[in-house]
There are 2 protein chains.
Amino acid sequence: MDAKRLLIVGGVAGGASAAARARRLSETSEIIVFERGPHVSFANCGLPYYVGGEIEEEKKLIVQTPDGLRSRFNLDIRVNSEVTAVDAHMKRIEVRDLQTGKNYSESYDDLILSTGAAPLMPPIPGIDRPGHFTVRNIPDVEAIMDWVKLKQARSAVIVGGGYIGLEMAEQLHHRGLAVAIAEALPQVMAPLDPEMAAWLHAELRSRKISLHLGDAVARFEAPGDHEPAAASVVVLKSGARLAADLVILGLGVKPETGLARGAGLAIGERGGIRVNDRLQTSDPHIWAVGDAIEVRDVVTGGRTLIPLAGPANRQGRIAAGNIFGRAGKYPGTLGTAILRLFDLSAACTGASEKTLSKLGVPFQAVHLHPASHAGYYPGAHPVALKIIFSPESGKLLGAQAVGHEGVDKRIDVLATALKVGMTVDDLVNLELEYAPPSNSARDPVNQAGMVAQNVLRKDVDIVQWHEVDALCAEQALLLDVRDDAEREAGAIPGSLHIPLPQLRQRLHELPKDREIITHCQTGQRSYIACRILTQHGFKARNLTGSYRTWKIARDHGPLSGGHL
Amino acid sequence: MDAKRLLIVGGVAGGASAAARARRLSETSEIIVFERGPHVSFANCGLPYYVGGEIEEEKKLIVQTPDGLRSRFNLDIRVNSEVTAVDAHMKRIEVRDLQTGKNYSESYDDLILSTGAAPLMPPIPGIDRPGHFTVRNIPDVEAIMDWVKLKQARSAVIVGGGYIGLEMAEQLHHRGLAVAIAEALPQVMAPLDPEMAAWLHAELRSRKISLHLGDAVARFEAPGDHEPAAASVVVLKSGARLAADLVILGLGVKPETGLARGAGLAIGERGGIRVNDRLQTSDPHIWAVGDAIEVRDVVTGGRTLIPLAGPANRQGRIAAGNIFGRAGKYPGTLGTAILRLFDLSAACTGASEKTLSKLGVPFQAVHLHPASHAGYYPGAHPVALKIIFSPESGKLLGAQAVGHEGVDKRIDVLATALKVGMTVDDLVNLELEYAPPSNSARDPVNQAGMVAQNVLRKDVDIVQWHEVDALCAEQALLLDVRDDAEREAGAIPGSLHIPLPQLRQRLHELPKDREIITHCQTGQRSYIACRILTQHGFKARNLTGSYRTWKIARDHGPLSGGHL
C-alpha cells in the first residue's frame with residue numbers, strides 16, 4: 001500500500017475510528033486529525049450521565065487522549081484547530097489554530113469529513129438568554145454544572161423530548177432538580193409510535209417530571225418579579241409559563257455541512273453531505289462519515305440522517321478501509337436506537353407505523369406484552385412489544401419495545417432479523433437462549449412471530465387500539481374475557497364481560513349479527529376467544545395488545561385526548 | 001377443518017403446546033392428553049430454583065393445571081395415566097390408570113408422542129442407593145427437599161457437570177450445603193470449548209464448590225464408620241472418596257423411545273425417534289416432538305438430540321399445525337443454550353471447536369473480551385466471546401460467550417445471524433442498539449466480526465492459546481505489549497515486554513529472523529502491534545484472546561495440566 005497524506009476533520013466517533021483504522025492499514029502514511037474542540041475521542045453519549053453523577057469523573061469521558069492516540073497510532077492530533085475551508089481542486093484545507101489565531105493550510109491525498117451535527121437553535125425569541133445550554137461536548141456539560149452550582153439551581157426546563165432531552169431530564173432529576181419537559185410534538189422520543197411513547201410519559205410522570213406535550217415554546221422571557229427563575233421563564237404556545245433556573249435545549253441537530261458546501265460537494269435532500277455507499281462524496285478524494293452525512297434507510301429505501309455513534313464508528317472504519325484498499329460498503333441504516341429512562345428502556349429498529357403511514361407503505365402491526373423472562377422465576381416484567389410487517393409477504397418492517405428488562409436484547413435480535421429481510425415466519429423459528437432467569441421457552445420475539453403469523457395466515461383478524469372507539473360506535477360488541485379480578489381493576493367502558501373459561505358455555509349470550517371485538521389483558525387469551533367464536537360462526541376480531549395497550553394509550557397516549 | 005380424534009402422550013412442554021395449538025385450530029376435535037406423572041405443563045427448567053429457594057412456592061412451577069387446560073382449551077387431560085402401548089396399525093393406544101390400576105384403550109386419528117427423555121442411570125455399583133436423586137419432575141424435587149430436611153443434609157455430591165448438575169450445585173450452595181461436583185470429562189458444560197468452560201470452573205471454585213474433573217464415579221459406597229454421609233460415599237476413579245448427605249445424578253438424558261419402538265416406528269442413529277421435517281414419524285398418523293426425537297443440526301447437517309424446552313415448545317406448535325392443515329416445517333436446531341451460574345452466564349449457539357474438529361470441518365476461531373457496555377459507564381464487565389467461522393467463506397459456524405452481563409443478548413444476536421448463514425462481514429454491519437448503560441458504540445458482536453474479518457482478509461494472522469507452548473519451543477518470540485502495571489500483575493513466562501506506545505521506537509530490539517507472537521490483555525492492542533510489525537517486515541502473529549484467554553486456560557482449563 002502506497003503511503004498517503006490523509007487529513008481528517010473531526011476527532012470524535014467517526015473521525016477517531018477512521019484515523020485508528022487508517023494507521024493500522026498504513027504504517028507509513030501521514031495522518032493528521034483536526035478537532036475544533038479541546039478533546040478528541042470523547043464519550044459524547046456519556047455527557048448526561050456525568051451531569052447526573054452516574055459517571056463521577058470527567059476523565060472517564062475521555063476515551064482517548066491526543067497523547068494516547070499519538071503514541072499508539074502515531075497520529076498527528078491537532079485539537080483547538082478549526083478547519084475553515086476545503087479547496088477540493090487544489091486538495092488543500094485551511095486551518096485556524098484557535099489558541100494562537102494563526103491560519104495555515106495543509107494538502108491532502110485524501111480527506112475525511114467527520115464534522116458531526118450541531119444542535120438546532122431555531123429563532124425563538126430569547127433562545128440565547130444566559131442559563132440556556134445545549135449538550136454536545138465536555139465544555140457544554142462543564143458549563144451546565146458550573147451554572148447549577150453558581151445559581152444553586154432547583155428547577156430545570158428541558159426543551160425537546162428527544163434522546164438528549166430525556167436523558168438530561170432523568171439526570172437532572174437524579175441531582176434533585178424539579179424538571180419540566182416542553183415538547184412541540186404530542187409525544188416524546190419521536191421514533192416511537194405514540195402508544196409506545198406513552199409508557200415513557202407514564203414513567204416520567206411517576207417521577208414527578210412535568211410533561212408539556214404538543215406545546216411548543218413561544219418565547220423565553222426574563223423572569224418577572226414573582227417568578228423565581230435563575231435563567232428564564234419558558235413561555236409555551238398554550239400560555240403556560242415555566243420558571244427555570246436552568247434551560248436545556250434539546251431541539252435536535254442538523255448536519256454540519258459548511259465545509260462541504262464551501263468545497264462544492266453535493267448535499268442531499270435531507271441537508272446532509274451526499275455520499276455513495278463507499279462513503280465517498282461527490283469529490284473522489286473527499287470522504288464523509290457520521291452525523292454529517294445522509295445514508296440510505298434500509299427499510300424505506302429513502303435517504304435519512306442518523307446522528308448516532310454506532311453508525312459513525314462503523315462508517316469511519318469503512319471509509320479508512322476504502323482509502324487503503326480494503327473495499328467496503330456501508331449498507332445503510334435501520335435506525336436502531338435505545339433510551340434508558342429511569343427503570344424503563346425503550347428501543348426501536350426499522351420503520352415506525354407513523355413513517356410507513358406517511359409513505360403510504362402497506363403494513364400490519366401487532367402488539368404483545370410477554371414476560372421478560374419465565375413468569376415463574378422472580379423479577380419478570382412485561383415487555384410492551386410491537387412488530388410491524390408487510391401484510392403481503394410477512395417481511396418484518398420495524399419493531400419497538402418498552403420495558404424494565406430485556407428490551408435491548410429483543411430489539412437487537414429484531415434488528416438482526418430486519419437486516420436480512422426475515423419474515424414473521426422466520427421469527428417463529430429463531431432458536432434463542434432459554435433459562436428461567438433470562439428468558440421464556442418462547443422468547444418474546446418468537447411470540448411476536450407467532451402472533452403475526454396467525455394474522456398473516458388469517459387464523460385471526462385484529463383490531464388496533466385506536467380503532468376501538470369507532471368500531472363500538474358502529475355497533476361492534478367489545479368482549480372482555482379476563483377474569484373477575486382483572487375486570488375489577490379497570491375495564492374498557494361499554495365492554496361485556498365473559499371470562500374465557502366460561503365462554504364455550506355462554507356462547508348463546510352473544511349476538512351473531514354484530515361484530516365482536518375480543519380483548520383480555522395482553523391479547524393472548526382473547527386470541528383463543530376469537531378462535532372459539534369464529535369457529536362457532538361468530539364474526540370476531542381480536543384487540544391486539546388488548547387492555548394493556550389500550551390503557552396506556554388512554555392514560556398517557558393519544559386516547560387521553562385533551563388531557564395530555 | 002374436519003374434526004379429528006387427537007391423542008397426545010406427554011403433557012409437559014411439547015405435548016402441552018401441541019394440545020393448546022390443536023384446540024385453537026379445531027374447536028370440534030376431540031383432544032386427549034395422557035400424562036404419566038401427576039402434573040401437566042410444569043416448569044421443568046425451574047426445578048433447581050425451587051430447591052434453592054429462589055422460587056418460593058411449588059405452585060409457581062405449575063404453569064397450567066389440568067383444570068385450567070380443560071376450561072381454557074376444552075382438553076381432556078388425564079394425569080397419572082401411562083400409555084403402555086401403541087398399535088399403529090389399528091390406530092389405538094393402551095392406557096394404564098396409575099391410580100386405579102385399570103387398563104383401557106383409546107383410538108386416534110392422529111397421535112403425538114411427546115414422551116421426553118429420561119435421566120441416564122448407567123450401571124455404576126450403588127447408583128440406586130437411598131439419598132440419590134435425579135431431577136426430572138416435581139415429585140423428584142419434593143423428594144430431594146424432604147431428604148435434605150430429614151437428614152439435615154450438609155453436603156451434596158453432584159455427579160455430572162451438565163446444566164442440571166451445575167444448576168443444582170448453585171442452588172444447593174445457596175441452601176448452605178457444601179457441594180462437590182464429579183465430572184468424567186475434563187470440563188463442565190460440554191457444549192462449550194474447554195477454555196470457555198474454564199471460566200465456570202473459576203466461578204465454581206471461587207464459591208468453594210469442589211470440582212473433580214476428568215474423574216468418573218467408580219462406585220457409590222455405604223459410608224464407613226468415620227465417613228459422615230447420610231447418603232453415600234462417592235468413590236471416583238482416582239480413588240478420591242466424597243462423603244455425601246445427598247447425591248444428585250445429572251448424568252445426562254436419553255430419549256424415551258419405548259412406545260415408539262413398540263409401535264415399530266423408525267429410530268434414528270442417535271437413539272431418538274426419527275421424524276421428517278414436518279415432525280411426522282415413519283407412520284404418517286404418528287407425530288413426535290421434544291426431547292424424544294432426533295433433529296437436524298443446522299450447522300453440521302447431522303442428526304442430533306436436543307433436550308431443551310424451547311425447541312420442544314415450537315415443535316409442539318408445528319406438529320399440531322401440520323395435523324390441522326397449517327403446513328409447517330421444523331428447520332433444525334442450532335443448540336442455542338445458556339446457563340446462569342452464580343454471577344456468570346455462559347451461553348453457546350451452533351458448533352463448537354470440539355465438534356468441528358471431530359467432524360473434520362475446517363474452521364477458524366477468534367477470542368475477544370469486549371466490555372458488556374460502555375467502559376466509561378459504571379458496571380461494565382468483560383464478556384469472554386468466541387466466534388467460530390469458515391476460513392474460506394467467512395460463514396459463521398458457532399459462538400460461545402461467558403460473562404457477568406449481556407451474554408444472553410450477544411448469543412441471541414449470533415444465533416439469529418447463524419440461522420440465516422451470515423458471514424463475519426455481516427456481523428460487522430449489524431446495527432445494534434447503543435446507549436452507555438447497555439452497550440458500546442461497537443457491540444461485542446460487531447467487534448467479533450471485525451476481528452474475524454481482519455483474519456479472513458489476512459490483515460493479521462493469529463495464534464490460539466493452545467499453540468503458544470509449541471511455538472515458543474520452536475523459537476518463536478512472545479511479545480507482551482501491555483503496560484507496566486498489567487505486566488506486573490502477571491505474565492506469560494518467557495515473554496518479552498515492550499509496551500505498545502514504545503513499540504515503534506524499539507523495533508530494533510526485535511529479531512527479523514524469528515516469528516513474533518504478540519499479545520496484550522485481550523488481543524486488541526497486540527493486533528495493532530502485529531500490524532506495525534508486519535508492515536515493518538517482521539514475521540508476526542497475534543495471540544487471539546491474548547493474556548485473558550491464555551490465563552484462564554492456564555489457571556482453570558486445559559493448560560493447567562494435572563492440576564485440574
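This is a predicted model: local features need pLDDT of at least 70, side-chain atom pairs count only at pLDDT 80 or more; totals for chains, interfaces and linings use all residues.
What rotation, and what shift along its axis, superposes chain B on chain A?

**View 1. Relation of the two chains.** Chain B is brought onto chain A by a rotation of 180 degrees with 0.0 Å of shift along the axis, at an RMSD of 0.0 Å (least-squares superposition on C-alpha atoms of residues with pLDDT of at least 70 in both copies). That is the relation of a two-fold axis. The same surface serves both copies, as 99% of the contact residues of chain B recur in chain A.

**View 2. Extent of the interface.** In contact (heavy atoms within 4.5 Å) are 81 residues of chain B and 81 residues of chain A. About 7200 Å² is buried between the chains, 54% of it from carbon and sulfur atoms (accessible area, 1.4 Å probe, that two parts lose on being put together, summed over both). Arg314(B), Tyr376(B) and Glu431(B) supply 12% of the area that chain B buries against chain A, more than any other three residues.

**View 3. Salt bridges across the interface.** Between chain B and chain A, 6 salt bridges are found (a side-chain nitrogen of Lys or Arg within 4 Å of a carboxyl oxygen of Asp or Glu). One of them joins Lys409(B) to Asp408(A), with the closest N and O atoms 2.9 Å apart. Helix H10 of chain B, residues 407-419, gives the most to the side of chain B that touches chain A, with 8 residues (a DSSP run of H or I, at least four residues, numbered from the N terminus).

Residues are numbered from 1 along each chain as its sequence is written, and chains are lettered from A and ligands numbered from 1 in the order in which they are written. Local features need pLDDT of at least 70 and side-chain atom pairs count only at pLDDT 80 or more, whereas totals for chains, interfaces and linings use all residues; side-chain values use heavy atoms, with hydrogens and water left out.

Note on methods. Helices (H or I, at least four residues) and strands (E, at least two) are DSSP runs, numbered from the N terminus.
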